[in-house]
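I opened my notebook to record what I looked up in one structure. The entries follow in the order I made them.

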Amino acid sequence: MEARILRLNLAGQPIEWLHWKETACLYSRGLVVWTLGGEVKRARGGISRLTGRTSFMSLPAIIACAGERLAPMRLNPPLTNDALFNRDNRQCMYCGNRYSPKDLSRDHVHPSSRGGRDRWENVVAACKRCNQRKGDSLLSEINMELLALPYRPNPSEYLALINNERIRGDQMEYLRPQFARYLPASVKLSNAS
Ligand SMILES: [Zn+2]
């Protein structure tokens, strides 16, 4: 899978993942101010009129940009099953077994039928069996326990969660110090090659 490029604002706050083509476009508009990390892609530029040679553009793993496209920090990351299952390390938060995403479900700790909301702090990954067993009960009513408390990922954690499969070591190194301490170690370390 082709690596994405991590875009930061000038303050160094991580904003989003970019395709290399979008990055090349920011370069050509002169908006890239500083960069970090190794080369993700060597893109072909134009042909020099002076030398007749093709120029190349080296696209790094992390770029910081100026310009009007500076998005505010995303404080409320969208809740998707993919990001949720990665947050919980693809483990059922009740029995602790690991599953492929298709065998996991989104469980509302405080059941929706009883007023529980569909938000990061109230949802966990659960296998179908545990989800079924729990049904519409509160944990206290059926003697079930959570392995970890659900939480809302901060922007750096969220970016790592949605790009779990193809994040590079240098990008993870940049994001990791900004993770909250309670993120499971396995999530922090996976794919940090
Ligand atoms: Zn389970």
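Over which residues does pLDDT stay under 50, and how many contacts beyond four places in sequence does the model have for them? I found that this is the case over residues 185-193, for which the model has 23 such contacts.

**Confidence.** I noted that this is a predicted model. The average pLDDT of the protein is 87, and 89% of the residues score at least 70.

**Zinc site.** I listed the atoms that coordinate the zinc ion: SG of Cys92, Cys95, Cys127 and Cys130, at 2.3 to 2.4 Å. Along the chain, these donors follow the spacing C-x2-C-x31-C-x2-C. Cys92 is in the loop between helix H2 (81-87) and strand E5 (104-108), while Cys127 is in strand E6 (residues 123-127), so this pair ties together parts that are 35 residues apart in sequence. I checked burial as well: Cys92 and Cys127 are both buried. The arrangement is tetrahedral because the 4 donor atoms subtend angles of 99 to 118 degrees around the zinc ion.

**Sheet.** I traced an open sheet of 4 strands in the order E2-E1-E4-E3, with mixed pairing. Strand E2 (14-18) and strand E3 (32-47) each have a single partner strand, so one side of each has no neighbour in the sheet. E3 and strand E4 (residues 54-65) run antiparallel and are joined by 10 bridges. I looked up Ile47, and its bridge partner in E4 is Thr54.

**Helices on the sheet.** I saw that helix H1 (residues 20-28) lies across strand E1 (5-8), E2, E3 and E4, at about 95 degrees to E4. Helix H5 (residues 155-162) lies across E1 and E2, at about 15 degrees to E2.

Methods: Residues numbered from 1 in each chain as written. Predicted model: local features only at pLDDT ≥ 70, side-chain atom pairs only at ≥ 80, totals over all residues. Heavy atoms only, no water. Donors = N, O, S within 2.8 Å, 3.2 Å for Na, K, Ca; no water. Tetrahedral: all angles 85-135°; square planar, octahedral: opposite > 155°, others 65-115°. Helix = DSSP H or I, 4+ residues; strand = E, 2+ residues; numbered from the N terminus. Buried < 20%, exposed > 50% of the residue type's maximum accessible area, 1.4 Å probe, protein only. pLDDT = per-residue confidence, 0-100. Contact = heavy atoms within 4.5 Å. Pairing = 2+ DSSP bridges. Axes fitted to C-alpha atoms, helices over the stretch in contact; angles between N-to-C directions.
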